[in-house]
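This report covers a ligand site, some helix packing and a few backbone details. Please look through the sequence and the model before reading on.

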Amino acid sequence: MSKGKPILDQNAFDFDQYNEADTELATLIRRRQNTIGPTSMLFYQEPLHIVRGQGTWLFDNKGTQYLDVYNNVPSLGHCHPKVVEAICQQLSKLNVHSRYLHDTVHIYAEKLLATMPDNIDRLVMTCTGSEANDLALRLARIHTQKQGIIVSEAAYHGNTQIVTEVSPASYKTQGPPDYVVTIPMSPLTRQGFQAGDWLAWHVRKALQTLDSRGFGCAALLVDSIFSSDGVYSHPTGFLQQSVDIVHAQGALFIADEVQPGFGRTGDCMWGFGRHQVVPDIITLGKPMGNGYPVAGLACRLDLLEALTQEYGYFNTFGGSTAAAAAGLAVLNTLEEEGLMENSQQVGAYLKEGLYTLKGQYPSIVEIRGAGLFIGLELGIDGDVNRPDVEKTTAAINLLRRDHILIGSAGKFGNVLKMRPPLCFSRDNADLLLGTLGTVLGELG
Ligand code: PMP
């Protein structure tokens, strides 16, 4: 089985395949190419020109509306009025860096930390998940005086130099550097209730490899829903043994909550909670500001003290007054609108409907996920060992034709990834299920 496209290239627009029928769109695409260039890909073979968002819907320049099953950043819903109002009010009054005292910043930090385990008692605010993970790796290395990092085989953790090195999903031509060892995920569910033992065996082996290479291990870094690996959610608790082994060796466990955090998995505020493990460092991002750039890292005080003895740390926009206002509005609204509960209920309803589709379409080989974070894996002739990447890509483009936006993930790129805003309704789920059934029927 060959490795699929890197996750950042999945569902990418290919200019060579474009027939330029819509000249208005073609002009925009050319302007994009001539200014922004190759680091910024476009989705879909027929790119979308989106001009407005509301709740679970996106609207294009011609007024066509699309059901958003892709975007987990506007987690409360696109342009949520409470967040928009909080940001606008703050921007019209004051927006400065975090080197002055300000109530909102402190109220926010207290409220956020109260959702975390007791040992996690400090918050560093950043602008992106990448910055948070970059800092997490520095903290782990300073604390352990070791260099090695263990990550999952198709992990994505961000875009700085070091974070790219620990993101196998970004590699195009090379393997990991010697200080990075990967653990497999794609065969996990085939281990059934032995999944935890199986993973722990691989973590033990990775620790030995890092020791034999002279790096030792600074941290096990995982996205606790294994989003880019293709969504691995069950059996809950499968991370426990691995975390214990890493801790026994003196290394840290970093939970990357950029994808599963803020209630998305329905049963817990944080993805690591589903595994009953306590991280040393938690990294945050994406939904934290519902679209306003808010991200961060939460950890124990001693880890930050060790860093600041050696280096200064400052993040100009991280923890700005407007960022804190956005973050606080997100936390409050999540609670007030019961969105975590909605994620659990509608997620379960959607999953049930997907199981019904699985009975009708044998190409669906597995359905995984928790709350409104669901992966649906496609195999050729229903064979779990033959990833159907072509059908996955075709399904994404046909769903787009039928006004539903969805993504893909996984080591081979054969997993349909569903993670809509958490205000997703049963009606939204019915529309998705009906359209997905039609598309799968069309694809045969
Ligand atoms: N961690 C995970 C699990 C992610 O999915 C991402 C972004 N897709 C990041 C970190 C990086 O976040 P950002 O793009 O905000 O730097």
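Which loop holds P235? P235 sits in the loop between strand 7 (217-223) and helix 7 (240-248); helices (H or I, at least four residues) and strands (E, at least two) are DSSP runs, numbered from the N terminus. The model is a predicted one, in which local features need pLDDT of at least 70 and side-chain atom pairs count only at pLDDT 80 or more, while totals for chains, interfaces and linings use all residues. Residues are numbered from 1 along each chain as its sequence is written, and side-chain values use heavy atoms, with hydrogens and water left out.

**Backbone details**

The peptide bond between H234 and P235 is cis, with omega about -5°. K286 has a phi near 25°, a positive value in a residue other than glycine. K286 belongs to the loop between strand 9 (281-284) and strand 10 (295-299). Most residues other than glycine have a negative phi, and most peptide bonds are trans.

**Ligand site**

K286 is also one of the residues around the ligand, together with T128, G129, S130, N133, Y156, H157, G158, D223, D256, V258 and Q259; a residue counts as near if one of its heavy atoms lies within 4 Å. By class this shell has two nonpolar, seven polar and three charged residues (Ala, Val, Leu, Ile, Met, Phe, Trp, Tyr, Cys and Pro count as nonpolar, Asp, Glu, Lys and Arg as charged, and the others, Gly among them, as polar). Helix 4 (residues 129-144) gives the largest share of the shell, three residues.

| Residue | Protein atom | Distance to a ligand oxygen |
|---|---|---|
| G129 | backbone N or O | 3.0 Å |
| S130 | side-chain N or O | 2.4 Å |
| Q259 | polar side-chain atom | 2.7 Å |

Taken alone, the ligand exposes 390 Å², and the protein buries 84% of that (Shrake-Rupley method, 1.4 Å probe).

**Helix packing**

Helix 2 (residues 81-93) packs with helix 9 at about 155°, their axes 8 Å apart. Axes are lines fitted to C-alpha atoms over the stretch in contact, and angles run from 0 to 180 degrees between N-to-C directions. Helix 2 is therefore roughly antiparallel to helix 9, the term for angles over 145 degrees.

Helix 3 (residues 103-113) packs with helix 9 (residues 321-336) at about 40°, with 9 Å between the axes. This angle makes helix 3 oblique to helix 9; oblique covers what is left after roughly parallel (under 35 degrees), roughly antiparallel and roughly perpendicular (65 to 115).

Key:
A polar contact is a pair of N or O atoms within 3.5 Å; within protein, one must be able to donate a hydrogen and the other to accept it, and residues adjacent in sequence count only if both atoms are side-chain atoms.
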